[in-house]
Amino acid sequence: MVSDLIPDDVRRFVLTSIASVPHLEALLLLRATPGDWPVAKVAERLYISEKAADRLLLDLCGSGLLVCQNGIYHYQPETSTMRETVSEVARTYAQNLVAMTNLIHSSVERKAHQFADAFNFRKKP
């Protein structure tokens, strides 16, 4: 089974902290190449708009994975446990790209359905 390819701690992390594949790609990019990352540079490397890059980088900062100083982003998880988990996520993603991508998409799809269901009005019996 494809889901067996993803360790439980990686699955939990992805489902709770990674909103999309570009979020994961940005996280792994900053992790793999330490240094100064302005929004424009991230946008260029991920082939997304600067607005989209800014939004996902802010999301990752809010999750405690990155820090922003004067518009420059850096990979800096809040805890050593987070750092270890992201390392495991990176390994798993490199070895099981399709399974990881499917996990992220299933999470996004589930959230979209939950949001849409909030607007379904049901008749009272």
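Which residue in strand 3 stands opposite tryptophan 37? Tyrosine 73 does. The model here is a predicted one, with local features needing pLDDT of at least 70, side-chain atom pairs counted only at pLDDT 80 or more, and totals for chains, interfaces and linings using all residues. Residues are numbered from 1 along each chain as its sequence is written, and side-chain values use heavy atoms, leaving out hydrogens and water.

**Strands**
- Strand 1 (residues 37–38) and strand 3 (residues 72–75) run antiparallel and are joined by two bridges; strands are DSSP runs of E, at least two residues, and helices are runs of H or I, at least four, numbered from the N terminus.
- Strand 2 (residues 66–69) also runs antiparallel to strand 3, with four bridges (pairing takes at least two DSSP bridges).
- Leucine 66 has tyrosine 75 of strand 3 as its bridge partner.
- Strands 2 and 3 form a hairpin with two residues between them, and asparagine 70 in the turn has a positive phi of about 55 degrees.

**Helices**
- The axes of helix 3 (residues 39–46) and helix 4 (residues 50–62) come within 8 Å and cross at roughly 105 degrees; axes are lines fitted to C-alpha atoms over the stretch in contact, with angles from 0 to 180 degrees between N-to-C directions.
- The two helices are therefore roughly perpendicular (65 to 115 degrees).
- Val39, Ala40, Val42 and Ala43 of helix 3 meet Glu50, Ala53, Asp54 and Leu57 of helix 4, where contact means heavy atoms within 4.5 Å.

**Charge over a ring**
- The charged end of lysine 41 sits over the ring of tryptophan 37, 4.5 Å from its centre (the rule asks for NZ of Lys or CZ of Arg within 6 Å of the ring centre and within 35 degrees of the ring normal).

Definitions and conventions: Parallel < 35°, antiparallel > 145°, perpendicular 65-115°, else oblique.
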